[in-house]
Amino acid sequence: MTTPGKELLFVALGGSGEIGMNANLYGCDGKWIMLDLGVTFGSHDYPGIDIVMPDLEFIEDRKADLLGIVLTHGHEDHIGALPYLAADLGVPLYANRFTAGLIAHKLAEEGLEKEVEIRTVDLDAQFRLGPFGIRLMPLAHSILEMSAAVIDTPYGRIFHTGDWKLDDDPVLGTPSSAAALTAVGDEGVDVLVCDSTNVFNAQASGSEGALHDGLLEAVGSARGRVIVTTFASNAARLKTLGDVARATGRSLCVAGRSLDRILGVARAVGYLKDFPPTVDFDEAMRLPRDKLMVIATGGQGEPRAALARMAGDGHQIKLEAGDTVVFSSKQIPGNEIAIGRIMNQLAAKDVLTVTEKQAHIHVSGHPGQPELAALYGWLRPKLIVPVHGEIRHMHEQARFARERGVPDALVQENGDLVRLAPGPARIVERVRAGRLILDGDVILPADGETINERRKLAINGQISVAVVFNGGRFADSRIHYRGVPVEDERGAFLDEMNDAAEQAATGPARSPDALREAIRLGVRRVATDWTGKKPIVDVLVVDL
């Protein structure tokens with residue numbers, strides 16, 4: 001069992017080797033802290049699954065030594081697993097006001113508000129968890145109150161960036177200045193654990209404030225109704241859109257529960273006090289088309305979000321020829337097909353779409369190369385450990401950092417236990433860092449029997465065989481199949497499978513288990529001969 005001694009350890013249980021599902025652990029003097037506990041979203045690899053979470057077996061086995069979970073910001077890939085996993089860990093959560101408000105909503109939805117303690121930390125405040133001194137320094141990002149963690153230990157100082165960028169005009173919030181970050185560097189930074197998302201971008205990400213004119217032009221030139229879709233969590237973008245609605249003389253409507261939640265939490269902690277009043281869906285549809293602007297969820301093609309329902313005529317807000325949909329967002333890799341499907345539906349209605357490729361209406365929340373280089377220069381770390389990226393992103397940041405004068409870099413993946421100090425940083429052990437899936441209301445291993453069976457069903461289909469015996473003699477068989485690619489000759493296919501079942505059932509005497517297996521193999525052999533597939537075959541034997 002790994003217990004940190006007189007040393008500084010780091011291990012990622014999620015977020016290293018992937019973008020999303022962030023969960024990071026630091027250990028020293030027998031204790032651990034966790035930074036972030038997020039989710040990623042299901043893909044074709046996980047049929048029927050929306051949410052994927054880190055497997056916390058490593059720290060669950062050591063939860064008596066876990067002191068707390070520190071949250072850098074409120075994006076789902078950093079807080080999304082809290083309602084499902086935090087109660088079992090039994091430690092307090094530490095977060096700034098806005099992030100704490102989002103977490104409180106999530107816990108309340110699951111009935112866990114009394115099960116998990118949230119401790120609110122002021123912006124740029126310092127606090128202590130055992131041997132760890134922690135300061136949360138605000139940095140710019142595409143959500144309010146993103147905070148890097150400066151972690152002091154007896155064995156060295158870590159600057160854990162979380163997600164970040166540089167922004168001279170962030171619209172909302174005040175990120176730490178170059179002077180403040182330089183002061184941290186002057187005090188000494190041993191390890192920089194840094195976001196790698198945009199490391200291949202040669203240009204800086206750009207400022208939120210610079211989007212006002214592009215959004216004003218896109219909305220102001222539109223003739224009919226305007227729908228703007230953006231990431232719900234980007235409160236600064238919402239403020240800009242509120243200003244644009246007011247400037248263009250359009251009433252504002254908000255469509256999407258996550259938008260309502262962000263607006264509510266932002267107002268509760270002192271932001272967006274001047275956001276325009278909104279109209280409901282019924283009033284919105286009574287307004288002249290050129291007097292309405294809607295902010296909607298669904299810019300990533302989510303099938304149940306407001307924009308998808310509008311595109312499919314399943315929402316109270318209706319779109320007509322001549323209306324405009326503005327995508328004030330970037331396509332997240334993997335979502336291109338879903339977004340394209342919605343755009344095609346909109347095009348079929350003769351609705352105009354405007355994207356970031358046509359107008360300056362979106363900026364990223366992650367640092368490009370100029371921003372990374374600036375941070376290296378201010379902090380002057382001795383070692384960089386890239387995180388929050390696929391393998392190619394992390395290796396590229398290690399290379400880029402060395403070129404910019406960082407003395408050393410270490411590339412790790414989920415499950416690599418790294419000794420950061422004393423001595424040269426190195427990977428000392430592999431620990432479990434698997435995945436869990438949320439399947440309905442049940443949490444299961446991502447590599448477990450359920451999801452493996454579902455993959456086989458999705459690929460090969462399923463056949464049910466019922467074989468009836470009467471007095472120990474074969475009497476009849478009935479076969480039903482789903483998802484097996486036989487459509488034109490169903491009768492002949494069923495006849496041949498029934499013959500195979502009967503042949504196996506009337507063969508030499510066998511034990512019940514051996515009989516079922518003989519029937520299963522015989523029926524599947526027929527299906528494979530017909531289709532090239534190997535469907536799952538379930539056999540029921542009944543003796544009357």
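**Entry 1: the cavity**

I looked up which residues line the largest cavity, and found N22, N24, D36, H78, H160, T161, G162, D163, V193, D195, V387 and H388. A lining residue has an atom within 4 Å of a point, and a cavity is a set of points on a 1 Å grid over the protein atoms alone where a 1.4 Å probe fits but cannot get out. I note that the model is predicted: local features need pLDDT of at least 70, side-chain atom pairs count only at pLDDT 80 or more, and totals for chains, interfaces and linings use all residues. Residues are numbered from 1 along each chain as its sequence is written, and side-chain values use heavy atoms, with hydrogens and water left out.

I then recorded about 50 Å³ of space in the largest cavity; the count comes to 1 cavity of 30 Å³ or more. A volume here is the space filled by probe spheres set on the points, which are joined across faces, edges and corners.

**Entry 2: the sheet**

I traced an open sheet of 7 strands with mixed pairing, in the order β9-β10-β11-β12-β13-β19-β20. Its edge strands, β9 (126–129) and β20 (408–409), each pair on one side only. Strands pair if DSSP finds at least two bridges between them; strands (E, at least two residues) and helices (H or I, at least four) are DSSP runs, numbered from the N terminus. I found β13 and β19 running parallel, joined by 5 bridges, and L192 standing opposite I384 in β19.

**Entry 3: helix α12**

I placed α12 across β12, β13 and β19, at about 165 degrees to β13. Such angles run from 0 to 180 degrees between N-to-C directions, with axes fitted to C-alpha atoms, for helices over the stretch in contact (heavy atoms within 4.5 Å).

In α12 (residues 369–379), I listed Q369, E371, L372, L375, Y376 and L379 as buried. They lie on the same side of α12 because they cover an arc of only 165 degrees around the axis. The arc is taken from the directions from the helix axis to the C-beta atoms; buried means under 20% relative accessible area and exposed over 50%, with a 1.4 Å probe and protein chains only. Among the elements covering these residues are α5 (178–187) and α13 (391–403). R380 follows α12 with a positive phi, near 50 degrees.

**Entry 4: helix α5**

I found L181, V184 and G185 buried in α5. Their arc of only 100 degrees around the axis puts them on the same side of α5. The face turned away from that buried side carries the exposed residues A179, D186 and E187. The buried residues of α5 pack against β10 (132–138), β11 (147–153), β12 and α12. G188 follows α5, and its phi is positive, near 110 degrees.

Note on methods. On a 1 Å grid over the protein atoms alone, a cavity is a set of points where a 1.4 Å probe fits but cannot get out, and a pocket is an open set with protein on both sides within 12 Å along at least five of seven lines; lining residues have an atom within 4 Å of a point.
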